[in-house]
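Please keep the structure open while reading.

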Amino acid sequence: MMSPRPDLGPKPSLGYIANILERAAERRTDDAFVAALVADEGARAYAIGGELIVLKKGANGLDPLFTPAEVQALAATTETIFLGLADRAGRFGIGLDAKATEALKSRADLHVSDLRSIAVQGLTDNGHLSAIAEAKALLHWHARHRFCANCGAPTRIVQGGWRRDCPVCEVQHFPRTDPVVIMLAVTGDRCLLGRSRRFVPNMWSCLAGFVEPGESIEQAVRRETLEEAGITCGRVSYFASQPWPFPMSLMIGCHAQALTSDIVVDRTELEDARWFDREEVALMLLRRHPDSLGTPPPVAIAHHIIRAWVEDEAQGFV
Ligand SMILES: [Zn+2]
């Protein structure tokens with residue numbers, strides 16, 4: 001028999017998915033339209049230097065939006081990306097030189113931090129997080145795709161930052177998103193959690209890994225769970241997905257039916273993996289675990305995958 005469903009309180013929101021922008025993808029090809037938006041007084045931009053995001057300190061707290069001219073004045077800029085429209089005004093992501101952005105940390109009128117910290121500390125609302133994620137992933141792609149992968153010639157940015165074209169061999173290069181499966185293997189009243197060495201102490205989470213070419217989501221879930229923890233999985237059920245701009249992934253959240261129970265941890269991938277029962281995981285989600293063990297914060301999809309199982313909403317496969 002399963003234990004009764006624990007009360008975990010109101011559901012927190014997942015990070016990076018509350019997009020506030022109309023992407024207006026069909027207008028990206030219209031250079032004059034995009035140029036007019038940049039020049040318009042309503043234009044606003046996020047300022048991003050590598051992993052760092054620049055926020056403005058204001059009377060009403062931290063503001064992630066700058067005018068394009070304000071961004072130009074911060075540091076040397078790289079690409080300008082057309083992210084979409086907000087109330088018909090253009091919203092952009094502007095890249096800054098990473099070293100110069102690091103130096104901005106000393107400015108009293110700015111708050112310069114990495115996106116993970118901004119998200120976990122709730123320094124800006126979820127809508128901005130999504131737009132910053134979009135900008136950060138695209139700027140990262142540009143920074144690493146300045147030359148044609150086909151012929152080696154320098155490429156040029158087109159379509160508001162959504163494509164790079166090679167002027168020599170005429171190949172078009174599109175920004176990529178890397179699919180990652182993130183899954184909770186479960187059997188009855190137990191689930192499998194692991195710890196990476198990169199995690200903060202006492203945090204346990206879902207296993208995860210990149211989907212390989214020629215592989216379905218279900219196959220990737222089974223392969224990664226077997227590789228990392230030695231557990232064979234049967235049925236796989238899709239839960240939800242989340243853009244994860246570190247640097248440019250799409251997390252595909254799943255639950256999986258564990259068919260075996262003897263764990264063999266791949267120590268090159270994980271520090272540890274073990275089974276947890278539902279009551280213990282409920283305490284971890286509530287931050288009331290006696291040994292202070294915890295789960296990832298609500299901004300991450302792992303929190304929601306784990307919570308859905310604890311709350312018995314991941315039905316139909318266990
Ligand atoms: Zn080329």
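## Val-310

In this predicted model, Val-310 sits in helix 8, which spans residues 301–310. Val-310 has a relative accessible area of 0%. It counts as buried because that value is under 20%.

Beyond its neighbours within four places in sequence, Val-310 touches Pro-6, Leu-8, Arg-278, Val-281, Ala-282 and Leu-285. Cys-191 is 119 residues away along the chain, yet the two C-alpha atoms are separated by 9.2 Å.

## Asp-165

Asp-165 belongs to strand 8, residues 163–165. Asp-165 is also buried, at a relative accessible area of 11%. Its side chain makes a polar contact with the side chain of Arg-163, at 2.7 Å.

Leaving out neighbours within four places in sequence, the contacts of Asp-165 are Thr-155, Arg-156, Val-158, Val-171 and Gln-172.

## The largest pocket

The largest pocket has a volume of about 1000 Å³. Its lining has 36 residues, with Arg-116, Arg-198, Phe-199, Trp-244 and Met-251 nearest the centre. Elements giving two or more lining residues include helix 4, helix 6 and helix 8. Strand 12 provides the largest share, four residues. By class, the lining holds 22 nonpolar, six polar and eight charged residues.

## The second largest pocket

The second largest pocket holds about 370 Å³ of space. It is lined by 20 residues, and Arg-23, Glu-134, Ala-137, Thr-177 and Pro-243 lie nearest its centre.

Helix 5, strand 13 and strand 14 each supply at least two lining residues. Helix 5 gives the most, with six. The lining divides into 13 nonpolar, four polar and three charged residues.

Notes: Residues are numbered from 1 along each chain as its sequence is written. This is a predicted model: local features need pLDDT of at least 70, side-chain atom pairs count only at pLDDT 80 or more; totals for chains, interfaces and linings use all residues. Side-chain values use heavy atoms; hydrogens and water are left out. Buried means under 20% relative accessible area, exposed over 50%, partly exposed in between (1.4 Å probe, protein chains only). Contact means heavy atoms within 4.5 Å. A polar contact is a pair of N or O atoms within 3.5 Å; within protein, one must be able to donate a hydrogen and the other to accept it, and residues adjacent in sequence count only if both atoms are side-chain atoms. On a 1 Å grid over the protein atoms alone, a cavity is a set of points where a 1.4 Å probe fits but cannot get out, and a pocket is an open set with protein on both sides within 12 Å along at least five of seven lines; lining residues have an atom within 4 Å of a point. Grid points are joined across faces, edges and corners, and a volume is the space filled by probe spheres set on the points. Ala, Val, Leu, Ile, Met, Phe, Trp, Tyr, Cys and Pro count as nonpolar, Asp, Glu, Lys and Arg as charged, and the others, Gly among them, as polar.
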